[in-house]
Amino acid sequence: RRQFVDRLLEEAARAPGVTAVATTTVSPAMTSNMRRPLIVEAQEPGPEGPRSVNYRAVSPAYLDVMRIPLVNGRRFTPADRDGAQAVR
């Protein structure tokens, strides 16, 4: 699937008039998010279970495509993938 998406982004970027391309797991217009449990080391979950966090996976150019300014830190890069070393 990753190879398909990478190829799709490359092909879309070559289309006439296209200046930037990106993908996301949840469309900005959608009201729902993907959720994952949040587990804190050395802390037991409460009676309602572990807390959860909303998240969206995006491709490196997502912030540029959506014109979201960078306030702090750095932009995403193609090296930011599953299994990559964490950025600190």
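The legends below describe views of one predicted model.

**View 1. Overall layout of the predicted chain.**
The chain holds two helices and two strands, and read from the N terminus these elements follow the order α-β-β-α. The radius of gyration is 17 Å, well over the 12 Å given by the globule rule for 88 residues, so the chain is more spread out than a compact globule. The C-alpha trace spans about 55 × 30 × 30 Å along its principal axes. Of the 88 residues, 7% count as buried. The chain exposes about 7800 Å², with carbon and sulfur atoms supplying 54% of that area. Among contacts between residues at least 6 apart in sequence, 39% join residues at least 24 apart.

**View 2. Confidence along the elements.**
The mean pLDDT of the chain is 84, and 99% of the residues reach 70 or more. Among the elements, helix 1 (residues 2-13) has the highest mean pLDDT, 91. Strand 1 has the lowest, 79. Where pLDDT is low, predicted coordinates should not be read in detail.

**View 3. The nonpolar surface patch at Leu38, Val40 and Val53.**
Leu38, Val40 and Val53 form a nonpolar patch on the surface. Together these three residues have about 210 Å² of accessible area. Val40 sits in the loop between strand 1 (34-38) and strand 2 (51-55). Val40 counts as partly exposed because its relative accessibility is 41%, which falls between the cut-offs of 20% for buried and 50% for exposed.

**View 4. Gly49 in the loop between the strands.**
Gly49 is placed in the loop between strand 1 and strand 2. Gly49 is buried, because its relative accessible area is 18% and the cut-off for burial is under 20%. Glu11 is 38 residues away from Gly49 in sequence. In space, the C-alpha atoms of Gly49 and Glu11 are 44 Å apart.

Arg67 lies in the segment after helix 2 (62-65). Arg67 is not a glycine, yet has a positive phi of about 55°. Most residues other than glycine have a negative phi. The side of the question that concerns solvent is simple: is Arg67 buried or exposed? Arg67 is exposed, because its relative accessible area is 75%, with over 50% as the cut-off.

Definitions and conventions:
Residues are numbered from 1 along each chain as its sequence is written. This is a predicted model: local features need pLDDT of at least 70, side-chain atom pairs count only at pLDDT 80 or more; totals for chains, interfaces and linings use all residues. Side-chain values use heavy atoms; hydrogens and water are left out. Patches are made of residues with over 30% relative accessible area and no salt bridge: like charges are joined within 9 Å, nonpolar side chains (Val, Leu, Ile, Met, Phe, Trp, Tyr) within 5 Å. Accessible areas come from the Shrake-Rupley method with a 1.4 Å probe; for residues, only the protein chains shown count as cover. A salt bridge is a side-chain nitrogen of Lys or Arg within 4 Å of a carboxyl oxygen of Asp or Glu. Helices (H or I, at least four residues) and strands (E, at least two) are DSSP runs, numbered from the N terminus. Buried means under 20% relative accessible area, exposed over 50%, partly exposed in between (1.4 Å probe, protein chains only). The radius of gyration is taken over C-alpha atoms; the globule rule is 2.2 Å times the number of residues to the power 0.38. Contact means heavy atoms within 4.5 Å. pLDDT is the predictor's confidence in each residue, from 0 to 100.
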